[in-house]
Amino acid sequence: MAEETELRYDPAAIEPKWQQRWAADPKLYAAEPVDCGKPKYYVLEMLPYPSGQLHMGHVRNYSIGDALARHMWMRGYNVLHPMGWDAFGLPAENAALKNNTPPRQWTLANIAAMKIQMDRLGLGYDWACEVTTCLPQYYRWNQWFFLRMYEKGLVYRKKSKVNWCPECATVLANEQVVDGCCWRHETTQVDQRDLVQWFFRITAYAQELLDGLDKLDGWPEKVRTMQRNWIGRSEGTDVDFFLEEQGSGVRDQGSDAGPSTPLGAKSAPSSAQDDNAVRIRVFTTRVDTIFGATSVQLAPQHELVTAFTAADSRLKAQVDEMIDQQKKAREAGDLGAIEKHGVPTGRFAVNPYNGERVPIWVANYILADYGTGAIMSVPAHDERDFEFAMKYGLPITQVIKPIDPAVSQELPFCSEEGVLMNSGAYDGLSCEDAQKRLQEIAVAGNFGEPKVTFRLKDWGVSRQRFWGTPIPIIHCESCGLVQVPDEQLPVVLPDQIEITQQGGSPLSRVPEFVNVACPNCGRPARRETDTMDTFVDSSWYFYRYTDAKNANAPFDPEIVMYWFPIDQYIGGVEHAILHLIYSRFWTKVMRDLGLIVNDEPARRLFTQGMVIKDGAKMSKSKGNVISPDEMVGRYGADATRMYALFAAPPDRDLDWQEDGVAGVSRFLARVWRLATKYAPLARTAGMDSHPFRIERGMDGAPSTQPTGLSLKLLRKLHQTIAKITLDFEGRWHFNTCVAAIMELVNEIQAADAQLAAGEVPAPVVRELLRSLVLLLAPFAPYLAAELWEELGEDGAVLRASWPQSDPALAKEDELEIPVQINGKLVTVVRVAADADAKAIEAAALAGEKIQSRTAGKTVIKVIVVPGKLVNLVIR
RNA sequence: GCGAAAGUGGCGGAAUUGGCAGACGCACCAGACUUAGGAUCUGGCGGAGCAAUCCAUGGGGGUUCGAGUCCCCCCUUUCGCACCA
């Protein structure tokens, strides 16, 4: 065997060879037709943004998904395992600015580069259903959906304060604002601007999106909680306080020329409770405390404040300063830490329940965009109001006392375990009863109603960018907003465009794009120049995969019905609210459009941990980025992927240590040597030989039974099969799967001398190696393919059946039972695996160490757990 | 501040139901082989001790024959939310 030393595991030779073979076999990873008769399995990984470079997070995500897909193929499923590109978005425009490369060209080149990286990694995707969101074949359906939603009233336009990122020069959704800064530019503070924007009415589905979470038991609880908090449902009451008229002189002075009276008030009524009085609507979850309201607090941006300040320059200055201060705090990133601060407006409001007059203040802690932007302040029963009242010496009136007299009455008392006091006719009612009663009164008196408020806002989708889906609307001077007719879709992005850093939408500077005949009246009109948020693209791309080439519809409902819901979705937890809530919304909209029947996109969701390096997130700025190409080049794709699965359980963060990759690579080399060495022996056994699978005879007893070393190795094999199979069913601790394969290999390796001496029959060797390769196939596909061929097997290893564990063979016939005295380990005894408690106890007591330790002592109690342990309690 | 997850050797981690703590790998140490290699093989590797043994899963208490695992209190780290009325 002189040449043996020259043979080495060489991934650089093996991997390209199989890449070529696989590329020549497009059927290999292809989904089969819906009528193929097999059970389906849809495994989906989040599609990447084509930055040009895969990063380790992708490698990890895709290694998990690919292992699962390969396993399911081997289990005989019809697997859909697609990949695509989230190809619209700002970086392409930035690159265009920097390199003078058109976004399209830049993006498509990046896609080509990343596809090569994916192929090198050996990821088994069905490229026939590839989706690239920046191509008109895809985004025309964004436009189509937009129009269908527009027709259903789910799309609307409104002028609103929007989050504006000066760096992106575009609007951001609330979800894209993190600590007051842009999610892409973490140090760039977001401005507020007034713009007319397009919105998707996601709030129409707020309740359903919330309710659906309870049924998504295949999703991590963490994600469900985050979505619940984001939707932020709260039940309460809207109540109108009445604006008390000022002394007639003051009022009359400003009323004509001054601010338009807010909230539809007409003339100045004499009575505050007149039907025509200006109403200040507040939202409260604690209407039961309303008798303790000692002021009304308005957000600085509240429209009534604007009205007040128009006539009061001193107040205006104070309010402006407050808004400015909020802005600065946001810049500093500690909006929450800002001290409560307010100014009295000098105006008063009347409590509709008792006619009490309370001052109206403007306060910096009132959010303009939640509820009504106005609250009633009840210092005795709300911590924030308490803090505020203490600061400004506002009265604090207790109106709730605890039910349990033992509970401290110290204010603020915020519990709802109480009864009313100082509340007139309602004294003595429980908080809960009072809320109901007071709501009824408000409805009857026409000054309020029960109200459910959500924190979730409608989804602003307008972006003043070039590289996105054009919004398919035409502005016509005579017809207004006109839909682009379906047959004119897609509205295609112009090719020739100069990207500049000027504000506003780049498309507005392309006359050929903007100028269009109105589809309605034919007169000159202008196209909408906003493009859609890229989260639109990723909200439904996984439906398109099932029928990616359909030119007549976004997809064929029949095909979607077969594949959906997604059986397993895998991605990073950073998408827990943005992408995953939009996707759920889109699914419900498509269902209500009659396109699909499923309520939710994905049955199971798995969020993998981050890949970190030296305890910190990999980032260019920290200079700790490890490139997948480098790893693949040095150790091969198999070692890189397998390390990504081995180094930590998939749901936890993974610290990338190159030494670890080298270790996995050494392991694969060991497998390669072992398999190559004994493959010739294995091949001498016939293809159908399974001599040591236990056949049951007529009497139920095994008719063939391996013995000695063969038994030992086969037992380990079948234990390993059982362990890994179980993990694929749901626990997904692939790190221990890899460890189990290593143990198996170690055990076979330890028998090297006997194997070499021919002490193990060829059929057993074949069985061992064959199964080892099958177990390896989801984790190290290249090596598995290579060794499969080496073993003389026909066809792709992916088409072979996943091995089955034979429980009879996996079962140990002798066990080591630990024997404890008073809970401390003293010794172990070997007993038959099926020994009963009595036999185990006898064996334990017979042991020498036990004898000497119990001599002269009293054994009070003997605990025997068959198969587990013996514990002697002695004194 | 609120909520969630986590805390185990020098390091990544294992222990699926309360039952031999440290599987598997890395690093390290010793040895073998040698065409000297970032190769391979053998052995060792939580701490203390010559040893028998004792101590050890962030800290402290508890339940139990028995606790990394269950309960209570505390500490630390990470993540999410953070005036949502």
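Modeller: Let us begin with pairing: two strands pair if DSSP finds at least two bridges between them. Strands (E, at least two residues) and helices (H or I, at least four) are DSSP runs, numbered from the N terminus. This is a predicted model, in which local features need pLDDT of at least 70 and side-chain atom pairs count only at pLDDT 80 or more, while totals for chains, interfaces and linings use all residues. Residues are numbered from 1 along each chain as its sequence is written, chains are lettered from A and ligands numbered from 1 in the order in which they are written, and side-chain values use heavy atoms, with hydrogens and water left out.

Colleague: What is the order of the strands in the open sheet of 4 strands?

Modeller: The order is 22-21-24-23, and the pairing is antiparallel. Strand 22 (480–483) and strand 23 (515–517) form the edges, each pairing on one side only. Angles run from 0 to 180 degrees between N-to-C directions of axes, which are lines fitted to C-alpha atoms, for helices over the stretch in contact. With direction ignored, neighbouring strands of this sheet are turned by 45° against each other on average.

Colleague: How many bridges join strand 21 to strand 24?

Modeller: There are 2 bridges between strand 21 (residues 473–476) and the antiparallel strand 24 (residues 524–527). His475 has Arg526 in strand 24 as its bridge partner.

Colleague: Which strands does helix 5 lie across?

Modeller: Contact means heavy atoms within 4.5 Å. Helix 5 (residues 136–151) lies across strand 21 and strand 22, and runs at about 125° to strand 22.

Colleague: How many residues surround RNA strand B?

Modeller: A residue is near a strand or molecule if one of its heavy atoms lies within 4 Å of it. Here 51 residues surround RNA strand B, and the closest are Thr285, Ile338, Lys340, Arg384 and Arg455. Of the atoms of RNA strand B that come within 4 Å of the protein, 66% belong to sugar and phosphate. Helix 21 (residues 734–750) gives the most to this surface, with 6 residues.
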